[in-house]
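Try each task before you read its solution.

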Amino acid sequence: MREDQIETATAPLRDDIRFLGGILGDTIRDHEGPEVFDLIERVRVEAFKVRRSEVERSAVADMLRGVDIHTAIPVIRAFSHFLLLANLAEDLQRDRRRAVHIAAGELPQDSSLAATYRKLDAAPPAADTVVDLLTDALVSPVITAHPTETRRRTIFDVQSRITELMRQRQRYSEHEPEFAGIDTDIRRQVLQLWRAALIRLARLRIQDEIEVGLRYYDLTLFEVIPKINDEVRAALRARWPEHDLLARPILRPGSWIGGDRDGNPFVTAEVVHRATHRAGALVFERYLKSIVELEKSMSQSARLVPVTPELAALAGAGFDDSPQRADEPYRRALRAIRARLSAAARRSLGEIPSDGIDVVAEPYAGPWELLADLNVVDAAMRASGDGLLADDQLAALRGAVETFGFHLQGLDLRQNSEMHEQVVAELFAWAGVHSDYASLDEEQRVALLAAELTTRRPLVGPTAQLSELAAKELAVVRAAKSAIDDLGPDTVPNYIISMCTSVSDMLEAALLLKEAGILDPGDANTPPSSTVGVVPLFETIDDLRGGAEILSAALEVPAYQRLVAARGMQQEVMLGYSDSNKDGGYLAANWALYRAELDLVDTARKTGIRLRLFHGRGGTVGRGGGRSYDAILAQPAGAVRGSLRLTEQGEIISTKYADPGTAYRNLEALVAGTLESTLLDVEGLGGEAEASYEVLDELAELARQAYARLVHETPGFVEYFRASTPIAEVADLNLGSRPASRKPTNSVYDLRAIPWVMAWSQSRVMLPGWYGTGTAFEQWIGDDPARLAALSDLYRRWPFFRTIMSNLAQVMAKADMDIAATYADLVPDKALRDTIFGMICDEFTRTVRMHAAITGTDELLADNPALAESIHNRFPYLEPLNQLQVDLLRRRRAGDDSELVERGILLTMNGLSTALRNSG
């Protein structure tokens, strides 16, 4: 696109930013006074001069250094609010550009389902292949409570209202009377935004996190997910009409909020109950409300339309004897459905939600019975020629019931393998099975666990005297059993074992499921059964390398082999992006994940299991972030096979799922990527695959060594990290219920990946997303132009390598070594500062140079002009936030522990997280 075309295309974005920024400025002048407003304006002007290289960076720092804290806070809030409004304007611009593409009749863009269907039509796979690969198809975004979403609900709601008003504003010219009224409403909302506190006074409780996660269903997911499911099913069945493809909806959401207790002591049995039953209450309320709406609208008279026998029987169930409805069979049938659904809600939840009716009725045994009755109504409408009516509200409700059941979302359980070991050891000791399980070697442990998994005998009874840890862990799993009994088998689908390093780690989790009554070992005549799958999570570089071997060994244990067979040979494995990155750096971690997938696919082929991979991706590149569609296509051949789960974390959740249009596009991208990776050849390496893998083996090892030299081998690195980033303050930010570290140590290994990444993001180093990669490229290429050409060729042909380079560029474009230098100055030891920051700067320069050489462009974001424009627009507003953060960190570390200084630091962190959009 030429410069003049870019100018024209981005003009509406600049106009929106200017308009919203002007309103914010007026609000600040009116409510904070001219002196504060003038300072903000002077800082803003200087920041733009810095971007244009007209003044030195110190110009902004000098203006803000030592500013009175009562003045600093409104300055911080001003730039934070501007960045939040800039996010809003960019989202509106994306909608505009999409509309322009569609109106121009352009081909569907990649990551859309329409583009996927074109690709399938161009190279249609064989029907038998499609049926096999899409059996048990599942795309499951799993919402987690990882604490990088810094916006309070109040801010979130006001931003949503401003977004809607801006959309309305686009429909009118400035001469129409509605225009002025909308502008006034926007001013009102910006004032409300300014008057609301940006940060919380108290840390989020896990109960709050549960509610935050559930709010996206009313906002978008109730509407969007069933819509996509219906569209995909219809499109695939139209192409392969002889097969009943996607018998179950492909898109089914999950959650970790309230079930993930790895390092979170606040997840208890009561929390599991709350998470599952609040989700159940929400879905029952939604169904009952929908049925009430249908009752209001379905006024068809038996005097005017034919009535099927099935509908007549449903209407005659006796729950509506009103004479006014005597000839309205649809309303009476829906009343009967509402009565049975209300009874089901009372059985499952202990109470009847709003819009329910308190009558004696047989509760639905499960959502399949509710769906059967709704299908009776649907069939009757179509039989009478009213299909147009059936395709509206009724179709939406049927799709929702099919997708969400009575449980809404699957809640995974997760716990660290070390905890399982302690609990199992105690259970064995109490039951007299073995007095010292911890002393056994791996072979002995597996033999003991396997024997226990063949008997239905529980290890402990209700009067067992257990430690607080063992009692709590058993109570959690028993709460999951209770939730499954109340809401259905999909309520808790998986038990994930963090830091899984052995077969015994997997069998210990299975034993706990057995102890809670979820796993039935079966007997000579009955196969085992479990509605909950055992899912190993491989996280470190070494564990990823050994993951396939562990899984293969587990499948050789007869008791576990029988269990997997009874579950349709379905076996899920989770891959951890965060800890592997912290362990070995960006390139080494990503390649270890790819290699692990190759090995797991090979294991699946040899053992006959249906492998499903669960990707523990974070929002940032350093934690596996980047465009989900590209990431799916970058998987090795055979790694997807119709099924994919991935975590959605932090501020990425609201970015993706707060708006219906945005939610649709992000979810369709997940499904589109899954279908393409499953049904098409997207790897693009052909017979050169093994040679390409060997190149990456060498590059990854070189990158790991370079990363280790800095992070694990340089004396004083942890001291430098703690001094040069706001890591200590990250722990104080009231973001989530989870502690910042797994253990109270001073080790990089025990620090959670989220605060690790967030701290580097705040200081604008972004180290987890690139460090070590430049050295690897430089050393591998050497002076050999053929090797450079080989990497350039891989960049063009191989989606994995192209995605690696694209994500690398994304994160480096957000880094700023000049800003990072101001943080490095916080390190009191000059020699340490010079050594480590010197290594960081050298590697950054080297990586930028090598990226340019391999991709053939000097622009980091040549393949992502939208992000380039975003960075161009917002980075002058980041400057003052970073400079003020450094100044306030100095004050705090010099002994000023006043509440206002701490609040100022937390506000800068909030503003920077808002601006960077994927901070952790």
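This is a predicted model: local features need pLDDT of at least 70, side-chain atom pairs count only at pLDDT 80 or more; totals for chains, interfaces and linings use all residues.

**Exercise 1.** Find how helix H27 and helix H34 are oriented to each other, and list the residues that meet.

- Step 1: H27 covers residues 717–724 and H34 covers residues 830–855. Their axes come within 10 Å and cross at roughly 85°.
- Step 2: Angles of 65 to 115 degrees count as roughly perpendicular, so H27 is roughly perpendicular to H34.
- Step 3: On the H27 side the contact has Phe717, Glu719 and Tyr720. They meet Leu832, Arg833, Ile836, Phe837 and Ile840 in H34.
- Step 4: Sorted by class, the residues of this contact are 6 nonpolar, no polar and 2 charged.

**Exercise 2.** Describe the packing of helix H31 with helix H32 in the way used above.

Solution. Two packed helices are described by the angle between their axes and the distance between the axes.
- Step 1: The axes of H31 (residues 785–797) and H32 (residues 799–814) come within 6 Å, and they cross at roughly 100°.
- Step 2: H31 contributes Leu791, Leu794, Tyr795, Arg796 and Arg797, while H32 contributes Pro799, Phe801, Arg802 and Met805.
- Step 3: The classes in the contact of H31 with H32 are 6 nonpolar, no polar and 3 charged residues.

**Exercise 3.** Describe the second largest pocket: how much space lies in it, and which residues are closest to its centre?

Solution. 
- Step 1: The space in the second largest pocket is about 820 Å³.
- Step 2: The pocket is lined by 39 residues, and Leu138, Arg248, Arg252, Asp490 and Arg612 are the closest to its centre.
- Step 3: At least two lining residues come from each of strand E1 (138–143), strand E8 (533–538), helix H20 (558–566) and strand E9 (570–576).
- Step 4: The lining of the second largest pocket divides into 16 nonpolar, 14 polar and 9 charged residues.

Terms used
Residues are numbered from 1 along each chain as its sequence is written. Side-chain values use heavy atoms; hydrogens and water are left out. On a 1 Å grid over the protein atoms alone, a cavity is a set of points where a 1.4 Å probe fits but cannot get out, and a pocket is an open set with protein on both sides within 12 Å along at least five of seven lines; lining residues have an atom within 4 Å of a point. Grid points are joined across faces, edges and corners, and a volume is the space filled by probe spheres set on the points. Helices (H or I, at least four residues) and strands (E, at least two) are DSSP runs, numbered from the N terminus. Ala, Val, Leu, Ile, Met, Phe, Trp, Tyr, Cys and Pro count as nonpolar, Asp, Glu, Lys and Arg as charged, and the others, Gly among them, as polar. Axes are lines fitted to C-alpha atoms, for helices over the stretch in contact, and angles run from 0 to 180 degrees between N-to-C directions. Angles under 35 degrees count as roughly parallel, over 145 as roughly antiparallel, 65 to 115 as roughly perpendicular and the rest as oblique. Contact means heavy atoms within 4.5 Å.
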